[in-house]
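Hi,

Here is the structure I said I'd pass on. Have a look at it first, and then read on for my notes.

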Amino acid sequence: MMQADVRAVPAQTADVPLDVAAVGAVEAISSVDVKSRVAGQILRVDFQEGQNVTRGQLLFEIDPEPLQRQLAEIRADLAKDAALEQQARANVAKDQATLQQTKAQAERGIKLAQEGIFSKEQTEQVVAANDSQAASLGADEAAVQSSIASENADRARLAQTQLQLTYTRITAPISGRAGAVAVKAGNLIKDNDAALVTLLEMSPIYVTFSVPEQLLDQVRANNAHAPLLVQATADGQKTVSGALRFIDNTVDSTTGAIKLKAEFPNADHLLWPGEFVNVEARLALERNRVIVPSRTRSEERP
(Lines give C-alpha, C1' and ligand atoms only; values in the text may rest on other atoms or scores of the structure.)
Protein backbone atom coordinates (compact mmCIF):
# COMPACT_ATOMS: atom_id res chain seq x y z
CA MET A 1 0.00 0.00 0.00
CA MET A 2 1.42 3.34 -1.11
CA GLN A 3 2.07 5.93 1.55
CA ALA A 4 1.91 9.64 0.83
CA ASP A 5 4.28 12.10 2.42
CA VAL A 6 2.55 14.39 4.82
CA ARG A 7 4.08 17.73 5.73
CA ALA A 8 3.00 19.58 8.82
CA VAL A 9 2.51 23.31 8.45
CA PRO A 10 2.18 25.51 11.52
CA ALA A 11 -0.99 27.56 11.75
CA GLN A 12 -0.71 31.31 12.15
CA THR A 13 -2.90 34.14 13.41
CA ALA A 14 -3.43 37.22 11.31
CA ASP A 15 -5.96 39.95 10.52
CA VAL A 16 -8.09 38.85 7.56
CA PRO A 17 -9.76 41.55 5.45
CA LEU A 18 -13.18 40.87 3.96
CA ASP A 19 -13.21 42.76 0.67
CA VAL A 20 -15.69 43.00 -2.17
CA ALA A 21 -14.52 43.79 -5.71
CA ALA A 22 -16.43 45.83 -8.27
CA VAL A 23 -15.98 48.06 -11.28
CA GLY A 24 -16.49 51.74 -10.52
CA ALA A 25 -16.93 54.93 -12.52
CA VAL A 26 -15.10 58.12 -11.64
CA GLU A 27 -17.23 61.26 -11.48
CA ALA A 28 -16.65 64.84 -10.41
CA ILE A 29 -18.26 65.92 -7.17
CA SER A 30 -19.10 69.29 -8.74
CA SER A 31 -19.64 70.15 -12.38
CA VAL A 32 -20.50 73.70 -13.46
CA ASP A 33 -21.49 74.99 -16.89
CA VAL A 34 -20.16 78.53 -17.00
CA LYS A 35 -22.58 80.88 -18.77
CA SER A 36 -22.75 84.60 -19.30
CA ARG A 37 -25.34 86.72 -17.48
CA VAL A 38 -25.15 89.51 -20.05
CA ALA A 39 -25.10 89.64 -23.82
CA GLY A 40 -22.12 91.14 -25.59
CA GLN A 41 -18.89 90.56 -27.44
CA ILE A 42 -16.13 88.44 -25.93
CA LEU A 43 -13.21 90.78 -25.39
CA ARG A 44 -10.74 88.27 -24.04
CA VAL A 45 -10.43 84.63 -22.94
CA ASP A 46 -8.12 84.66 -19.93
CA PHE A 47 -7.30 80.95 -19.58
CA GLN A 48 -6.38 77.90 -21.63
CA GLU A 49 -8.78 75.01 -22.16
CA GLY A 50 -7.72 72.00 -20.13
CA GLN A 51 -6.18 74.30 -17.52
CA ASN A 52 -6.69 73.89 -13.79
CA VAL A 53 -8.40 77.04 -12.51
CA THR A 54 -9.11 78.28 -9.00
CA ARG A 55 -12.34 79.70 -7.65
CA GLY A 56 -12.60 83.41 -8.43
CA GLN A 57 -10.07 83.26 -11.27
CA LEU A 58 -10.95 85.42 -14.28
CA LEU A 59 -12.10 83.30 -17.23
CA PHE A 60 -13.75 85.63 -19.76
CA GLU A 61 -14.10 89.37 -20.28
CA ILE A 62 -17.04 90.84 -22.19
CA ASP A 63 -16.80 94.27 -23.80
CA PRO A 64 -18.09 96.67 -21.10
CA GLU A 65 -18.41 99.75 -23.35
CA PRO A 66 -22.18 99.43 -24.11
CA LEU A 67 -22.96 99.17 -20.40
CA GLN A 68 -20.61 102.03 -19.57
CA ARG A 69 -22.53 104.21 -22.07
CA GLN A 70 -25.79 103.21 -20.40
CA LEU A 71 -24.33 104.22 -17.04
CA ALA A 72 -23.39 107.64 -18.41
CA GLU A 73 -26.94 108.12 -19.78
CA ILE A 74 -28.53 107.08 -16.49
CA ARG A 75 -26.30 109.43 -14.51
CA ALA A 76 -27.36 112.24 -16.85
CA ASP A 77 -31.00 111.33 -16.25
CA LEU A 78 -30.37 111.41 -12.50
CA ALA A 79 -28.89 114.91 -12.78
CA LYS A 80 -31.94 115.97 -14.77
CA ASP A 81 -34.25 114.42 -12.13
CA ALA A 82 -32.42 116.28 -9.38
CA ALA A 83 -32.77 119.60 -11.25
CA LEU A 84 -36.48 119.02 -11.85
CA GLU A 85 -37.01 118.16 -8.21
CA GLN A 86 -35.16 121.28 -7.13
CA GLN A 87 -37.24 123.41 -9.47
CA ALA A 88 -40.47 121.77 -8.28
CA ARG A 89 -39.55 122.37 -4.65
CA ALA A 90 -38.83 126.02 -5.43
CA ASN A 91 -42.25 126.32 -7.08
CA VAL A 92 -43.83 124.73 -4.01
CA ALA A 93 -42.13 127.24 -1.74
CA LYS A 94 -43.27 130.09 -3.98
CA ASP A 95 -46.83 128.70 -4.10
CA GLN A 96 -46.95 128.34 -0.33
CA ALA A 97 -45.98 132.00 0.14
CA THR A 98 -48.50 133.15 -2.46
CA LEU A 99 -51.18 130.91 -0.97
CA GLN A 100 -50.77 132.55 2.40
CA GLN A 101 -51.33 135.92 0.76
CA THR A 102 -54.38 134.84 -1.28
CA LYS A 103 -55.84 133.06 1.74
CA ALA A 104 -55.59 136.24 3.80
CA GLN A 105 -57.17 138.21 0.98
CA ALA A 106 -60.01 135.69 0.69
CA GLU A 107 -60.66 135.80 4.43
CA ARG A 108 -60.72 139.64 4.38
CA GLY A 109 -62.99 139.63 1.35
CA ILE A 110 -65.47 137.30 3.06
CA LYS A 111 -65.43 139.49 6.18
CA LEU A 112 -65.90 142.68 4.17
CA ALA A 113 -68.72 141.04 2.23
CA GLN A 114 -70.43 140.21 5.50
CA GLU A 115 -70.07 143.85 6.50
CA GLY A 116 -71.57 144.91 3.15
CA ILE A 117 -68.35 146.59 1.97
CA PHE A 118 -67.36 144.02 -0.69
CA SER A 119 -69.71 143.08 -3.47
CA LYS A 120 -70.49 139.46 -4.23
CA GLU A 121 -68.36 139.57 -7.37
CA GLN A 122 -65.33 140.97 -5.53
CA THR A 123 -65.64 138.28 -2.87
CA GLU A 124 -65.90 135.53 -5.47
CA GLN A 125 -62.78 136.84 -7.22
CA VAL A 126 -60.54 136.73 -4.12
CA VAL A 127 -61.91 133.31 -3.10
CA ALA A 128 -61.36 131.95 -6.63
CA ALA A 129 -57.82 133.34 -6.64
CA ASN A 130 -57.12 131.53 -3.37
CA ASP A 131 -58.59 128.26 -4.70
CA SER A 132 -56.51 128.58 -7.87
CA GLN A 133 -53.34 129.12 -5.86
CA ALA A 134 -54.13 126.08 -3.70
CA ALA A 135 -54.55 123.99 -6.87
CA SER A 136 -51.25 125.30 -8.21
CA LEU A 137 -49.56 124.33 -4.95
CA GLY A 138 -51.02 120.82 -5.22
CA ALA A 139 -49.75 120.48 -8.79
CA ASP A 140 -46.25 121.56 -7.82
CA GLU A 141 -46.22 119.19 -4.85
CA ALA A 142 -47.23 116.39 -7.25
CA ALA A 143 -44.37 117.45 -9.51
CA VAL A 144 -41.97 117.05 -6.58
CA GLN A 145 -43.27 113.52 -5.94
CA SER A 146 -43.06 112.71 -9.63
CA SER A 147 -39.45 113.85 -9.84
CA ILE A 148 -38.61 111.81 -6.72
CA ALA A 149 -40.24 108.71 -8.23
CA SER A 150 -38.35 109.26 -11.48
CA GLU A 151 -35.10 109.66 -9.57
CA ASN A 152 -35.74 106.45 -7.63
CA ALA A 153 -36.46 104.58 -10.85
CA ASP A 154 -33.25 105.89 -12.41
CA ARG A 155 -31.28 104.91 -9.30
CA ALA A 156 -32.69 101.38 -9.62
CA ARG A 157 -31.66 101.34 -13.28
CA LEU A 158 -28.22 102.58 -12.26
CA ALA A 159 -27.81 99.80 -9.68
CA GLN A 160 -28.99 97.16 -12.16
CA THR A 161 -26.63 98.40 -14.87
CA GLN A 162 -23.72 98.56 -12.43
CA LEU A 163 -24.49 94.96 -11.47
CA GLN A 164 -24.58 93.95 -15.12
CA LEU A 165 -21.24 95.67 -15.61
CA THR A 166 -19.70 93.36 -12.99
CA TYR A 167 -21.03 90.41 -15.03
CA THR A 168 -18.76 91.38 -17.92
CA ARG A 169 -15.96 89.75 -15.92
CA ILE A 170 -16.78 86.05 -15.69
CA THR A 171 -14.89 84.24 -12.95
CA ALA A 172 -14.64 80.57 -12.00
CA PRO A 173 -17.40 79.60 -9.53
CA ILE A 174 -15.40 76.57 -8.35
CA SER A 175 -11.84 75.30 -8.48
CA GLY A 176 -11.44 72.58 -11.09
CA ARG A 177 -10.30 71.64 -14.54
CA ALA A 178 -11.60 73.52 -17.55
CA GLY A 179 -12.93 71.63 -20.52
CA ALA A 180 -13.09 72.77 -24.14
CA VAL A 181 -13.76 76.49 -24.63
CA ALA A 182 -16.85 77.09 -26.76
CA VAL A 183 -16.09 80.71 -27.73
CA LYS A 184 -13.18 82.84 -28.81
CA ALA A 185 -12.35 86.53 -28.54
CA GLY A 186 -14.62 88.51 -30.84
CA ASN A 187 -17.58 86.14 -30.65
CA LEU A 188 -20.99 87.58 -29.78
CA ILE A 189 -22.82 85.76 -26.99
CA LYS A 190 -26.30 85.92 -25.46
CA ASP A 191 -27.12 86.02 -21.80
CA ASN A 192 -27.80 82.62 -20.18
CA ASP A 193 -27.20 80.86 -23.50
CA ALA A 194 -24.96 77.85 -24.19
CA ALA A 195 -22.15 77.09 -21.77
CA LEU A 196 -18.90 78.91 -22.50
CA VAL A 197 -16.89 76.22 -20.71
CA THR A 198 -17.54 73.40 -18.24
CA LEU A 199 -15.55 73.14 -15.03
CA LEU A 200 -15.12 69.81 -13.22
CA GLU A 201 -13.94 69.61 -9.64
CA MET A 202 -11.02 67.17 -9.67
CA SER A 203 -10.03 67.08 -6.03
CA PRO A 204 -11.70 65.53 -4.16
CA ILE A 205 -13.51 63.18 -6.52
CA TYR A 206 -16.12 60.42 -6.38
CA VAL A 207 -16.01 56.81 -7.53
CA THR A 208 -19.43 55.22 -7.95
CA PHE A 209 -19.81 51.43 -7.80
CA SER A 210 -22.38 48.80 -6.85
CA VAL A 211 -22.41 45.77 -4.56
CA PRO A 212 -24.97 42.94 -4.27
CA GLU A 213 -27.96 43.75 -2.09
CA GLN A 214 -27.06 40.80 0.18
CA LEU A 215 -24.11 42.86 1.45
CA LEU A 216 -26.19 45.95 2.26
CA ASP A 217 -26.71 45.14 5.93
CA GLN A 218 -23.02 44.44 6.40
CA VAL A 219 -22.04 47.63 4.60
CA ARG A 220 -24.41 49.73 6.69
CA ALA A 221 -23.43 48.12 9.97
CA ASN A 222 -19.68 48.53 9.47
CA ASN A 223 -19.94 51.97 7.89
CA ALA A 224 -21.88 53.19 10.93
CA HIS A 225 -18.73 52.84 13.07
CA ALA A 226 -16.33 54.45 10.58
CA PRO A 227 -16.36 55.11 6.82
CA LEU A 228 -15.40 51.93 4.97
CA LEU A 229 -12.03 51.87 3.25
CA VAL A 230 -12.30 51.80 -0.54
CA GLN A 231 -9.40 51.34 -2.93
CA ALA A 232 -9.45 52.15 -6.62
CA THR A 233 -7.01 51.21 -9.36
CA ALA A 234 -7.07 52.55 -12.89
CA ASP A 235 -5.29 50.76 -15.72
CA GLY A 236 -1.58 51.26 -15.40
CA GLN A 237 -1.94 53.46 -12.32
CA LYS A 238 -1.17 52.94 -8.68
CA THR A 239 -3.87 52.08 -6.19
CA VAL A 240 -5.38 54.98 -4.28
CA SER A 241 -7.44 54.92 -1.11
CA GLY A 242 -10.66 56.67 -0.23
CA ALA A 243 -13.63 56.37 2.08
CA LEU A 244 -17.28 55.46 1.57
CA ARG A 245 -19.45 58.59 1.62
CA PHE A 246 -22.81 57.58 0.17
CA ILE A 247 -25.19 54.61 0.25
CA ASP A 248 -28.14 54.90 -2.11
CA ASN A 249 -31.62 54.90 -0.64
CA THR A 250 -32.95 52.10 -2.86
CA VAL A 251 -31.84 48.81 -4.36
CA ASP A 252 -31.89 48.59 -8.14
CA SER A 253 -34.66 46.06 -8.77
CA THR A 254 -33.29 45.16 -12.21
CA THR A 255 -29.78 44.26 -11.01
CA GLY A 256 -30.30 43.51 -7.34
CA ALA A 257 -27.42 45.85 -6.48
CA ILE A 258 -27.05 48.89 -4.27
CA LYS A 259 -25.14 51.95 -5.47
CA LEU A 260 -22.30 53.32 -3.32
CA LYS A 261 -20.01 56.32 -3.65
CA ALA A 262 -16.52 56.69 -2.25
CA GLU A 263 -14.62 59.96 -1.97
CA PHE A 264 -10.92 60.15 -2.87
CA PRO A 265 -8.60 63.10 -2.16
CA ASN A 266 -7.16 62.79 -5.70
CA ALA A 267 -4.57 65.47 -5.03
CA ASP A 268 -2.35 64.08 -7.80
CA HIS A 269 -5.30 63.75 -10.23
CA LEU A 270 -4.73 60.05 -10.89
CA LEU A 271 -8.47 59.49 -11.08
CA TRP A 272 -10.12 61.11 -14.09
CA PRO A 273 -13.84 61.85 -14.50
CA GLY A 274 -15.55 59.37 -16.77
CA GLU A 275 -12.98 56.57 -16.54
CA PHE A 276 -13.64 53.08 -15.14
CA VAL A 277 -11.55 51.72 -12.28
CA ASN A 278 -11.26 48.49 -10.35
CA VAL A 279 -12.66 48.93 -6.85
CA GLU A 280 -12.13 46.98 -3.66
CA ALA A 281 -14.29 47.91 -0.69
CA ARG A 282 -13.27 46.58 2.71
CA LEU A 283 -16.43 45.44 4.44
CA ALA A 284 -14.71 44.24 7.62
CA LEU A 285 -11.39 43.25 9.12
CA GLU A 286 -11.51 40.04 11.15
CA ARG A 287 -8.71 40.20 13.66
CA ASN A 288 -6.60 37.33 15.01
CA ARG A 289 -8.06 34.70 12.72
CA VAL A 290 -6.26 31.38 12.58
CA ILE A 291 -4.98 30.73 9.08
CA VAL A 292 -2.92 27.98 7.44
CA PRO A 293 -0.43 28.97 4.73
CA SER A 294 -1.07 27.19 1.45
CA ARG A 295 2.69 26.66 0.89
CA THR A 296 5.78 26.81 3.05
CA ARG A 297 8.68 29.06 2.23
CA SER A 298 10.81 26.08 1.23
CA GLU A 299 8.15 25.07 -1.28
CA GLU A 300 8.12 28.55 -2.74
CA ARG A 301 11.81 28.27 -3.64
CA PRO A 302 12.51 26.82 -7.15
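Over which residues does pLDDT stay under 50, and how many contacts beyond four places in sequence does the model have for them? The stretch is 296-302, and the model has 4 such contacts for it. Keep in mind that this is a predicted model. For the protein as a whole the mean pLDDT is 85, with 81% of residues at 70 or more.

If you step through the pairings around S9 (residues 197-200), you'll find S2 (residues 31-34) running antiparallel to S9, joined to it by 4 bridges. Within that pairing, Val34 sits opposite Val197 of S9. S7 (residues 176-178) also pairs with S9 in the antiparallel sense, over 2 bridges, and there Ala178 is the residue opposite Leu199. Both of those S9 residues, Val197 and Leu199, belong to the covered face of the strand, whereas Thr198 and Leu200 make up the uncovered one.

Next, the packing. The largest nonpolar core has 24 residues, and the ones touching the most other members are Phe209, Val230, Phe264, Leu271 and Val277. Elements giving two or more residues to this core are the strands S1 (12-28), S10 (205-212), S11 (229-233), S12 (240-252), S13 (257-264) and S14 (276-291), along with helix H3 (216-225). There is also a second, separate core of 18 residues, with Ile42, Val53, Leu59 and Ile189 among them.

What about rings? The structure holds 1 aromatic pair. The partners are Phe47 and Phe60, and the pair counts as edge-to-face because the ring planes are at 90°, with the centres 5.3 Å apart. The two are 13 residues apart in the chain: Phe47 is in the loop between S3 (40-45) and S4, while Phe60 is in S5 (residues 58-62). Are they buried or exposed? Phe47 is buried, at a relative accessible area of 5%, and Phe60 is buried too, at 0%. Another ring to check is that of Phe246, where Lys261 lies over the face at 5.6 Å from the ring centre.

Last, two residues of helix H2 (residues 120-166). Thr166 is found in this helix and is partly exposed, with a relative accessible area of 47%. Its C-alpha atom is separated by 8.9 Å from that of Pro64, which is 102 residues away along the chain. Which residues is Ser147 in contact with, leaving aside its neighbours within four places in sequence? They are Asp81, Leu84 and Glu85.

That's what I have for now.

Cheers

Conventions: Residues numbered from 1 in each chain as written. Predicted model: local features only at pLDDT ≥ 70, side-chain atom pairs only at ≥ 80, totals over all residues. Heavy atoms only, no water. Buried < 20%, exposed > 50% of the residue type's maximum accessible area, 1.4 Å probe, protein only. Pairing = 2+ DSSP bridges. Contact = heavy atoms within 4.5 Å. pLDDT = per-residue confidence, 0-100. Core = buried A, V, L, I, M, F, W, Y, C linked by side-chain atoms within 4.5 Å. Phe/Tyr/Trp six-rings, centres within 6.5 Å; stacked < 30°, edge-to-face > 60°. Lys NZ or Arg CZ within 6 Å of the ring centre and 35° of its normal.
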